Amino acid sequence: MASENSTQTATEEIRLLLIGPPKTGQSSIANILAGHNVFPVGASSSVESATPTTQPRHFTNKNILTDKHLLVVDAPPLFILKDATSNEKDMRRLAKCVALVSPGPHAIFLILSCDDAKNERFDMKQIVTTVFGAEALDQSIVVFSFIDRLERKGISVDDWINKECKQQALLEACGHRYLVIDSSHNDQTKHIDFLNRTLTMLNELWKEKLIFKSKMFDDIEQEIQRQEKNRSDLFQKKYANNFYGSEKALRLLLREHMRDELEREPILAEADYLVVEKYLQPIVKSLLQEVARYLEEEIVST
Ligand SMILES: Nc1nc2c(ncn2[C@@H]2O[C@H](COP(=O)(O)OP(=O)(O)OP(=O)(O)O)[C@@H](O)[C@H]2O)c(=O)[nH]1
Ligand SMILES: [Mg+2]
């Protein structure tokens, strides 16, 4: 962790992408990782996803790591797709999040609750493979939330993971990397412990491979760089002329600016969307079946 008065300009960043089914405490965990309450957390009783899908989805903490920026992207639940006609809007939201972590995430956090009845409805292994490709699992960490519910039932986390948890195939595919947390509390000591465990796991993971890359991310990055070039005059005027850091640090600043634009401006999102669309079209088609099943079960259970 960075010291409070660290003055060195960051020249690198760590990008974390969080995905998972709705209502798993994903935004709460995103806040813990980001070190700030920036992602809206909703009431667990409401049926609708509490984090509005139009809400900003990214936050960069510039002080939490020594000499690095930490980008946290809280992706919308992958089950927001309703039917074939509402796909486009939802695909754009997903496309935006993919563009926000360009040129590729350093780690993908798959957020699931310690509730198998709920988890069984989502095949995260299949979803991650469909959206990002099977190699993305090599760069993924499973986070089980709601462990307080196990504790209340008198079940130890280890017992639950080893004897009851039905996510063994996913855990195996992710190299048995997992973390557990009760993300409902603002308990700083627990948060720091979780962050330390996260950092240890990330350091282990990065011994193998630092960034998850794919053809999709390469193409998106190319498009973003093209957009950055188009805006270079504007950037020069606004930033570069008064910037005294290194070239690398300036690039980080510009990317930060691009991400803000990406979330605000429909024109830029449009350009990115066109690039991502060709990847997401077939993905969405294959996800639709899963979504239809989820919605059917949701209707039955309400
Ligand atoms: N008991 C318990 N409640 C939790 C835990 N994590 C989050 N919550 C609560 O669950 C509710 C939803 O939390 P969020 O962080 O918004 O979950 P989310 O997955 O982002 O939800 P959506 O964005 O609405 O899909 C809030 O009331 C949280 O306080 C946990 O580990 N245990
Ligand atoms: Mg949320």
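This report describes the fold of a single chain, from its overall composition to its sheet and its nonpolar core.

The structure is a predicted model. The chain has 302 residues, of which 35% are buried. Its secondary structure consists of twelve helices and six strands.

Six strands form an open sheet with mixed pairing, in the order β2-β3-β1-β4-β5-β6. At its edges lie β2 and β6, each of which pairs on one side only. On average, neighbouring strands of this sheet are turned by 25 degrees against each other, direction ignored. Helix α1 packs on the sheet and touches β1, β2, β3, β4 and β5. The direction of α1 makes about 175 degrees with that of β3. The residue ranges of α1 and of several strands are listed below.

| Element | Residues |
|---|---|
| Helix α1 | 26–34 |
| Strand β1 | 12–19 |
| Strand β2 | 58–65 |
| Strand β3 | 68–74 |
| Strand β4 | 107–113 |
| Strand β5 | 140–145 |
| Strand β6 | 178–180 |

Strands β5 and β6 pair in the parallel sense over three bridges. F144 has V180 as its bridge partner in β6.

**The nonpolar core**

The largest nonpolar core contains 57 residues. Those with the most contacts inside this core are L16, L18, V73 and L110. Leaving aside residues up to four places away in sequence, L110 touches I19, G20, M124, V128, S140, V142 and V143.

Key. Residues are numbered from 1 along each chain as its sequence is written. Chains are lettered from A and ligands numbered from 1 in the order in which they are written. This is a predicted model: local features need pLDDT of at least 70, side-chain atom pairs count only at pLDDT 80 or more; totals for chains, interfaces and linings use all residues. Two strands pair if DSSP finds at least two bridges between them. Helices (H or I, at least four residues) and strands (E, at least two) are DSSP runs, numbered from the N terminus. Axes are lines fitted to C-alpha atoms, for helices over the stretch in contact, and angles run from 0 to 180 degrees between N-to-C directions. Two residues are in contact if their C-beta atoms, placed from the backbone, lie within 7 Å. A nonpolar core is a set of buried Ala, Val, Leu, Ile, Met, Phe, Trp, Tyr and Cys residues joined through C-beta atoms within 7 Å. A residue is buried if 20 or more other C-beta atoms lie within 10 Å of its own, exposed if 12 or fewer, and partly exposed in between; C-beta atoms are placed from the backbone.
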